[in-house]
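Please walk me through this structure in plain terms. I would like to know how its parts pack together.

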Amino acid sequence: MGYNEEFMRGAISLSIQSVKSGGGPFGALIVKDGQIVSAGTNRVTKDNDPTAHAEIVAIRIASEQLGTFDLSGCELYTSCEPCPMCLGAIYWSRLDKMYYGNTKDDAKDIGFDDSFIYEEIALKPEDRKLKSEQKLRLQASVAFKDWEEKEDKIEY
């Protein structure tokens, strides 16, 4: 594996096509062993799904195609540096490497500003703009205890 300009150009081409077809300006490819496993574009407004970012779409398709949630051995080519949600999904899916075109500052310049999320994550829950309260911790902990004791669990 290693960087392949053709794949990077492919992710960029997807982002351009996405704009032309009514989606957001983002595209992503997941590649394994030199072959494209999946392609995704930003479908937030097309699908009315705030999580349908290009990277998330590509991860969902790749996981389905490969029959696993563990995308080790795969690389991501994306037209833009991922937002916090996508970055989290990239880490959770265990992709080996990521290549990106535009930066998060480039995205901010055209109205896709996710800097407030990075700032919010660093705060204590009680100091965030999204008001939240912890409730029924004891009851919620039952599922965690059950998981911890489960012998046939699939770790992830």
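S63 touches T68, F69 and L71, leaving aside residues up to four places away in sequence; contact here means heavy atoms within 4.5 Å. S63 belongs to helix α3 and is buried, at a relative accessible area of 19%. Buried means under 20% relative accessible area, exposed over 50%, and partly exposed in between (1.4 Å probe, protein chains only). Helices (H or I, at least four residues) and strands (E, at least two) are DSSP runs, numbered from the N terminus.

This is a predicted model, in which local features need pLDDT of at least 70 and side-chain atom pairs count only at pLDDT 80 or more, while totals for chains, interfaces and linings use all residues. Residues are numbered from 1 along each chain as its sequence is written, and side-chain values use heavy atoms, with hydrogens and water left out.

F69, one of the residues that S63 touches, forms an edge-to-face aromatic pair with Y156, at 5.9 Å centre to centre and 70° between the planes. Rings of Phe, Tyr and Trp (its six-membered ring) pair if their centres lie within 6.5 Å; planes under 30 degrees apart count as stacked, over 60 as edge-to-face and the rest as tilted. Because F69 lies in the loop between α3 and β3 and Y156 in the segment after α7 (137-149), the pair ties together parts that are 87 residues apart in sequence. F69 is partly exposed, at 40% relative accessibility, and Y156 is exposed, at 63%.

L71, also touched by S63, is among the residues with the most contacts inside the largest nonpolar core, which has 19 residues. A nonpolar core is a set of buried Ala, Val, Leu, Ile, Met, Phe, Trp, Tyr and Cys residues joined through side-chain atoms within 4.5 Å. Two or more residues each come from β1, α3 (54-66), β3 and α4 (84-93), and α3 gives the most, with five. Apart from this core lies another, of eight residues, including F7, M8, A11 and Y99.

Helix α1 covers residues 5-20. Its buried residues are F7, M8, A11, L14, S15 and S18. Seen down the axis of α1, they fall within an arc of 115° (taken from the directions from the helix axis to the C-beta atoms), so they line one face of the helix. These buried residues pack against β1 (24-32), β2 (35-42), β3 (74-80) and β4 (97-102). The face turned away from the buried side carries the exposed residues E6, R9 and K20. F7 also belongs to an aromatic cluster with Y3, Y77 and Y99.

Methods: The expected span of a helix is 1.5 Å times one less than its number of residues.
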